[in-house]
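Please keep the sequence and the structure in view while reading the points below.

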Amino acid sequence: MKTESRSLSTYSTFLAQVKSSQVQQVVIKRDRIDYTLKPEFGGQHLYTHSAGATDDLPGLLRRHGVSFTTLQENGDTSGLVAGILLSTGMLVGLFAWLAKQNQAGGGGSNSGFGGGLGGGFGGLGVGMGMGKSNARVYNQAAGKGKITFADVAGVDESKQELQEIVDFLANGEKYRKIGAKIPKGVLLVGPPGTGKTLLAKAIAGEAGVPFISMSGSEFVEMFVGVGASRVRDLFNRAKRQAPCIVFIDELDAIGKTRSANPVGGNDERDQTLNQLLTEMDGFDGNDGVIVIAATNRPEILDPALRRPGRFDRQVLVDRPDKSGRLQILQVHARPVTMGEDVNLEAIAAQTSGFSGADLANLVNESALMAARNNRQAVLMADFKEAIERVIAGLEKRSRVLTPMERQTVAYHEVGHALVGALMPGDSKVSKISIVPRGMGALGYTMQMPESDRFLLLEDELRGQLATLLGGRSAEEIVFGKVSTGASDDIQRATDLAERAITQYGMSATLGPIAFEKNQAQFLDGGSTRRAISPEVAAEIDRQVKQAIDNAHDMAQTILRLNRDLLESATQTLLTAEVLEGETLEAILSQVKAPEGLPAWLTKG
Ligand code: ADP
Ligand code: MG
Ligand code: ZN
């Protein structure tokens with residue numbers, strides 16, 4: 001089967017095209033939308049990210065009479081179902097069937113149906129040119145439609161890190177002369193719609209070099225070997241065009257951890273990945289080719305991809321905070337006529353948790369709303385309505401916190417910070433944020449740098465335990481109950497306490513005996529526990545519990561004493577969303593230490 005190459009379109013363009021009846025057919029996938037324009041509008045095959053999709057896309061499509069299919073991709077078959085061709089007759093039948101399914105609320109049940117169809121049609125396009133990569137080349141140096149860093153807003157930290165890459169490409173000679181090694185691979189990691197693809201294009205635009213782009217899913221075909229030869233072809237083209245950027249979007253489609261089991265594995269994907277690794281080893285950053293890849297699922301990537309000489313640089317592209325959202329709104333509001341009452345700052349304040357794509361979508365929805373009402377400019381009322389619609393869509397996917405959840409999170413985080421401020425050692429809280437972080441698996445926590453210290457003193461360890469329990473304790477004190485949000489802290493506290501007692505020998509009664517051998521660090525095998533008697537096991541459990549209880553009491557005592565500060569700091573956090581630097585220091589310096597505390601609890 002030959003996968004058609006699709007060009008990226010924006011979600012807002014897609015909506016506009018649907019609404020002006022240019023779209024022939026749509027395939028809705030888990031996080032992207034493939035669609036084809038009617039022949040009279042060019043018949044192009046396009047795709048867009050559905051990150052900002054309002055929930056009623058099916059309704060919208062139905063209203064505009066567009067045929068659509070919903071597919072639930074499950075990684076392995078994603079390549080197979082990419083290019084299904086359905087006859088119009090079948091589509092009508094499928095459409096009616098899907099409509100019924102949707103009404104019945106059975107969103108998931110149609111996935112098997114769609115997948116099966118795709119598989120069945122898979123054999124059709126066996127043909128020539130399969131091993132050629134159908135990568136798109138944007139020659140941004142030509143200037144037309146050039147994307148630069150100015151188009152990407154609100155992700156300043158990521159931009160800064162990438163600025164360097166631009167310099168490598170633009171002034172490669174400078175680095176080569178002095179003998180420096182230019183990095184080969186940069187991995188952009190972040191939730192969907194935060195501007196990873198946009199950033200990659202901006203790098204090419206800034207450096208003025210060609211940008212060869214291909215999506216991970218386009219490599220994966222049902223025929224073994226095709227993906228691998230596409231990778232080879234892609235890199236050959238890149239080397240001919242150097243200096244240039246190779247951009248692999250949705251790297252996770254090929255970069256999944258290779259199957260451990262040689263028999264039941266996914267040959268095709270493994271081969272594609274192996275070829276990618278080989279190609280990356282086979283050239284030098286100094287050849288002028290830099291590979292940028294993007295993923296929103298870093299946790300499933302094969303560890304081999306992150307080894308030195310491959311994607312050894314990672315840049316986090318996270319959801320924007322309030323000021324970031326304001327900047328993004330400003331970028332997208334530029335071409336739109338705004339009414340006088342529109343206050344972008346107020347909109348930024350109300351859209352916590354929105355990604356860049358969500359915000360772009362929001363501006364466009366508002367513009368559409370104004371146009372539909374035959375107004376010359378967008379009013380605040382349009383924004384209000386659009387925000388509600390977008391939020392309703394996002395809440396379903398649990399990305400936007402309800403006001404109550406937001407409050408709980410704020411008290412919780414401030415709880416960590418206040419307790420942490422009194423604890424000995426240097427792992428201080430440097431930043432508190434209640435901007436939702438979608439990358440749970442990335443373990444992105446600024447508040448608790450369980451730093452890469454090799455030696456933790458016993459006191460620091462106890463301090464860390466108390467800090468970990470600070471979040472939960474704050475919830476208990478304020479609400480009289482706890483949320484599930486503390487479960488990760490509790491897990492970490494328990495692990496830490498157990499390690500303290502069984503590995504570091506920090507227990508008075510058990511003494512310095514390592515009950516748990518520290519072997520699992522490099523091997524994935526289970527840790528080998530020394531054979532211990534049931535009595536000792538019970539004693540370990542008792543001591544772990546004791547350590548946690550002590551820490552919990554400590555956290556509670558501190559927070560009760562600083563109840564007012566907990567309140568005022570939380571209110572500040574709720575408005576600012578992020579507390580860091582001097583503001584945070586000013587708050588933390590006010591924390592009062594309870595009297596009669598154990599000797600180890602001393603400031604600083
Ligand atoms: P990702 O690749 O991270 O899923 P994209 O780069 O495809 O996200 O973003 C989709 C669209 O959302 C962009 O084309 C742009 O219109 C908008 N967008 C996303 N992030 C930003 C940002 N930081 N600044 C401006 N626009 C953004
Ligand atoms: Mg993308
Ligand atoms: Zn916590």
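Valine 186 is part of strand 7, which covers residues 185–189. The model is a predicted one. The points below begin with this residue, turn to the chain as a whole, and then take up a sheet and a pair of helices.

**Valine 186**

- The relative accessible area of valine 186 is 2%, and the residue counts as buried because that value is under 20%.
- Leaving aside residues up to four places away in sequence, valine 186 touches Leu162, Ile165, Val291, Ile292, Ala293, Phe311, Arg313 and Val315.
- One of these neighbours, isoleucine 292, is 106 residues from valine 186 in sequence, yet the C-alpha atoms of the two residues are 4.8 Å apart in space.

**The chain as a whole**

- The chain has 604 residues, and 50% of them are buried.
- Its secondary structure consists of 21 helices and 13 strands.

**An open sheet and the helix across it**

- An open sheet is formed by 5 strands with mixed pairing, in the order 1-4-3-2-5.
- Strand 1 (7–8) and strand 5 (67–70) are the edge strands, each of them pairing on one side only.
- Within the sheet, strand 2 (residues 23–28) pairs with strand 3 (residues 32–37) in the antiparallel sense, over 5 bridges.
- Aspartate 34, in strand 3, is the bridge partner of valine 27.
- Helix 1 (residues 11–19) lies across strand 2, strand 3 and strand 4 (45–49), and helix 1 runs at about 45° to strand 3.

**Helix 16 and helix 19**

- Helix 16 (residues 403–422) and helix 19 (residues 534–561) have axes that come within 10 Å of each other and cross at roughly 100°.
- Helix 16 is therefore roughly perpendicular to helix 19, a description that applies to angles of 65 to 115 degrees.
- On the side of helix 16, the contact involves Gly415, Leu418, Val419 and Leu422; these meet Ala555, Ile558 and Leu559 of helix 19.
- Sorted by class, the residues in this contact between helix 16 and helix 19 are 6 nonpolar and 1 polar, with no charged residues.

Note on methods
Residues are numbered from 1 along each chain as its sequence is written. Chains are lettered from A and ligands numbered from 1 in the order in which they are written. This is a predicted model: local features need pLDDT of at least 70, side-chain atom pairs count only at pLDDT 80 or more; totals for chains, interfaces and linings use all residues. Side-chain values use heavy atoms; hydrogens and water are left out. Helices (H or I, at least four residues) and strands (E, at least two) are DSSP runs, numbered from the N terminus. Buried means under 20% relative accessible area, exposed over 50%, partly exposed in between (1.4 Å probe, protein chains only). Contact means heavy atoms within 4.5 Å. Two strands pair if DSSP finds at least two bridges between them. Axes are lines fitted to C-alpha atoms, for helices over the stretch in contact, and angles run from 0 to 180 degrees between N-to-C directions. Angles under 35 degrees count as roughly parallel, over 145 as roughly antiparallel, 65 to 115 as roughly perpendicular and the rest as oblique. Ala, Val, Leu, Ile, Met, Phe, Trp, Tyr, Cys and Pro count as nonpolar, Asp, Glu, Lys and Arg as charged, and the others, Gly among them, as polar.
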